[in-house]
Amino acid sequence: MELETLSEHVGFLTTRVKVGVLTNQDRCILVDSGLDSSTAKKILSLLGREGLNVVGVINTHSHADHYGGSSYIKSKTGARIYSSALEAAIIENPCLEPIYFAGGAHPPRELMNKFMMGEACSVDQIVQEGKLEANSLQVDIINLPGHSPQQIGVLAEKTFFCADSVFPPEVLEKHQIIFLHNVHDALESLKKLSAINCEYFLPSHGEPLKKEELEKLVSLNRESIKMVEKTILENLSSPLELSELIARVLNQHNMSITSYSEYHLFSSTIKAYLSYLQEKGLIEFKVKNNYPLASKKPSQLEL
Ligand SMILES: [Zn+2]
């Protein structure tokens with residue numbers, strides 16, 4: 001791991017996700033904090049060698065690979081912790097994530113791993129879209145919901161930290177069906193990304209991109225979403241049981257899931273698409289013989 005610089009006050013570290021480093025003399029604020037305390041420890045020792053003290057962490061969203069190191073960093077440095085309100089609910093109570101993946105039930109142990117549940121961290125300041133003064137640095141917080149309910153991106157100097165609003169081609173290729181909470185919001189956030197003007201865009205799971213490269217990536221991500229939407233609709237000409245639909249969609253995208261927790265990530269995403277299609281007036285839900293079914297609306301069948 002090394003500190004890579006993008007402009008006078010902005011750099012980043014590469015962990016499982018990119019961690020932004022916004023500096024002001026000998027102090028810095030991080031954008032995300034890595035998966036866990038062991039990653040956070042490495043981050044702190046590297047920044048220590050650079051003569052930087054961490055005074056804040058802006059968490060882009062409540063997925064463990066992004067916020068899991070915050071608690072360790074806060075305990076060692078007293079850093080001020082920032083996040084949006086809904087994401088704070090999970091960052092402060094990480095058990096909520098396996099609970100919602102389990103459909104509200106007490107989760108099976110397969111869902112209670114460190115990738116689903118980071119270490120709890122109290123959030124000191126709820127942020128909203130707009131200017132944020134942090135560590136005497138002005139940053140812009142931009143709402144990017146879709147991948148998670150209240151994900152935020154951070155614009156600092158000439159760099160926009162995109163969080164998980166956009167994924168590089170190799171991630172799209174590997175996962176085929178990218179994790180989404182709200183398909184409509186994710187598409188709107190991609191539009192929003194295209195409208196931002198700055199020198200670099202840094203997706204959490206990618207490398208810094210220039211505006212032109214970002215535009216290409218936004219198109220790829222939009223196409224990937226549209227492809228999944230098409231596959232789902234094609235399967236709903238007649239009513240289909242939901243777990244059968246999930247299996248068919250995964251098979252048609254050549255995905256072979258073997259882990260129980262991974263299955264829940266994909267099935268939750270496919271359900272997000274179903275809600276989206278229902279909102280668009282294209283499908284409906286029913287229960288028959290105690291099976292939950294989805295199908296195209298009768299008015300859509302001849303289309
Ligand atoms: Zn994420």
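Here is a quick briefing on one helix pair, the aromatic pairs, the cysteines and a histidine in this structure. Keep in mind that the model is predicted. Helices α8 and α10 cross at roughly 80°, a whole-structure search turns up three aromatic pairs, and there are zero disulfides. H147, for its part, sits in a loop and counts as buried.

**Helix α8 against helix α10**

- Helix α8 covers residues 211-234 and helix α10 covers residues 260-279; their axes come within 10 Å and cross at roughly 80°.
- On the α8 side, the contact is made by I225, K226, V228, E229, I232 and L233.
- Facing them from α10 are I270, Y273, L274, Y276 and L277.

**Aromatic pairs**

- The search of the whole structure comes back with three aromatic pairs.
- One of them is F160 with F201: the ring centres are 6.4 Å apart and the planes sit at 70°, so this pair is edge-to-face.
- F160 belongs to strand β11 (residues 159-163) and F201 to strand β12 (residues 200-203), so to speak a link between distant parts of the chain, 41 residues apart.
- F160 comes out at 0% relative accessibility, which makes it buried, and F201 is buried too, with 0% relative accessibility.
- Elsewhere, Y100, F101 and F179 are joined by ring pairs into a cluster.

**Cysteines**

- How many disulfides does the structure hold? The count is zero.
- For C95, the closest cysteine sulfur is in C121, and at 15 Å that is too far for a bond.
- C95 counts as partly exposed, with 40% relative accessibility.
- For C198, the closest cysteine sulfur is in C162, 7.6 Å away, and that is also too far for a bond, given that a disulfide needs the sulfur atoms within 2.5 Å.
- C198 is buried, at 17% relative accessible area.

- You'll find H147 in the loop between β9 (137-143) and β10 (152-156).
- Is H147 buried or exposed? With 7% relative accessibility, H147 counts as buried.
- Leaving out residues up to four places away in sequence, H147 touches H61, H63, D164, F167, F179, L180 and H181.
- F179, one of those contacts of H147, is also a member of the ring cluster with Y100 and F101.
- V57 lies 90 residues from H147 along the chain, and the C-alpha atoms of the two are separated by 20 Å.

Methods: Residues numbered from 1 in each chain as written. Predicted model: local features only at pLDDT ≥ 70, side-chain atom pairs only at ≥ 80, totals over all residues. Heavy atoms only, no water. Axes fitted to C-alpha atoms, helices over the stretch in contact; angles between N-to-C directions. Helix = DSSP H or I, 4+ residues; strand = E, 2+ residues; numbered from the N terminus. Contact = heavy atoms within 4.5 Å. Phe/Tyr/Trp six-rings, centres within 6.5 Å; stacked < 30°, edge-to-face > 60°. Buried < 20%, exposed > 50% of the residue type's maximum accessible area, 1.4 Å probe, protein only.
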